[in-house]
Amino acid sequence: MLPIIIVISIGLAIIITARPEITRNPGGKILAFLALFVLPSVSGVWGVAAHLEQSKKTVFCLSCHPMYEYGKSLLVDDAEFVPAVHYQNNFIPRDKACYTCHTDYTLYGDLNSKIRGLRHLMVFYSGNIPDTLQLYSPYNNRECLNCHSGMRKFEESSPHIETPMTRDSLSLNTLSCLSSGCHDVIHDVHNLDDVALYNDSL
Amino acid sequence: MATRTKIEWRLRFSGALICIGLLVEIITLFWTHPTIFLMYLIAGGSFLAVGILLYLLALIPSDKS
């Protein structure tokens, strides 16, 4: 729908550009208002929304070369790899795999993700890309529990309910899901050379 | 051809800028890459914003025109 509106907008803007004298009559004034204000404004705002939606896609994240190995880690044929298990079993939407786990499930989570994305771009174009990409802050259990909390398999799993304290510690983020020795194989991009892949394409 | 007024020249310029902005938008819409996103925001957004602003300025009555 958006491309159609843009094409119509371009057509009307061309008419006004080629024949501005049509704005001397009331019909022309209305046409100019539509062509030079209403439709470009709608197209512009809609375009931003469309691009923001595109930026949530897995192919968007992996389109930058430094992310190639991270994409590969989604295809590893090893149930120890947390991202691979989530991706291959559709625990997360495949087309938004990176975004689903790397956004903050907070009020301004989407905005924060975009700001982080802009910082990534700055790092990319500055050429100072670190060998190991690190999160800006430790991974918060909130992102895991957004889906897993209340899930029967999670709630009935013995390590999660070992003591009442365990479940509370997970909720309070004082016991990390990822770095407490439980689910600690994440992307592990430096050890992907010899691993078997479940599938060759994302 | 009738002589164009100052407002009409402004409308022409505004229309041309908006056309360029919309062309940038439609081209970038079919690409998925962070750089394209920035290109849309910076190039497309600027052309559209200046074009719209110029149109709005053209609406303000001026004694000279």
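## Where the two chains meet

In this predicted model, chain A and chain B touch each other through 38 residues from chain A and 32 residues from chain B. Together they bury about 3000 Å², and 73% of that is on carbon and sulfur atoms. Three residues stand out on the chain B side: Leu29(B), Thr32(B) and Phe37(B) supply 19% of the area that chain B buries against chain A, more than any other three residues.

## Links across the interface

## What chain B brings

Two helices of chain B, α1 (6-28) and α2 (34-59), each supply at least two residues of the side that touches chain A. The biggest giver is α1(B), with 13 residues. Sort the residues on this side of chain B by type and you get 21 nonpolar, 7 polar and 4 charged.

## A nonpolar patch on chain A

Chain A also has a nonpolar patch on the surface, formed by Met1(A), Ile4(A), Ile8(A), Val42(A) and Trp46(A). Taken together, these residues have about 500 Å² of accessible area. Helices α1 (2-18) and α2 (26-54) of chain A are the elements that give two or more residues to the patch. Ile4(A), for one, is found in helix α1 of chain A.

How values were computed. Residues are numbered from 1 along each chain as its sequence is written. Chains are lettered from A and ligands numbered from 1 in the order in which they are written. This is a predicted model: local features need pLDDT of at least 70, side-chain atom pairs count only at pLDDT 80 or more; totals for chains, interfaces and linings use all residues. Side-chain values use heavy atoms; hydrogens and water are left out. Contact means heavy atoms within 4.5 Å. Buried area is the accessible area (1.4 Å probe) that two parts lose on being put together, summed over both. Helices (H or I, at least four residues) and strands (E, at least two) are DSSP runs, numbered from the N terminus. Ala, Val, Leu, Ile, Met, Phe, Trp, Tyr, Cys and Pro count as nonpolar, Asp, Glu, Lys and Arg as charged, and the others, Gly among them, as polar. Patches are made of residues with over 30% relative accessible area and no salt bridge: like charges are joined within 9 Å, nonpolar side chains (Val, Leu, Ile, Met, Phe, Trp, Tyr) within 5 Å. Accessible areas come from the Shrake-Rupley method with a 1.4 Å probe; for residues, only the protein chains shown count as cover. A salt bridge is a side-chain nitrogen of Lys or Arg within 4 Å of a carboxyl oxygen of Asp or Glu.
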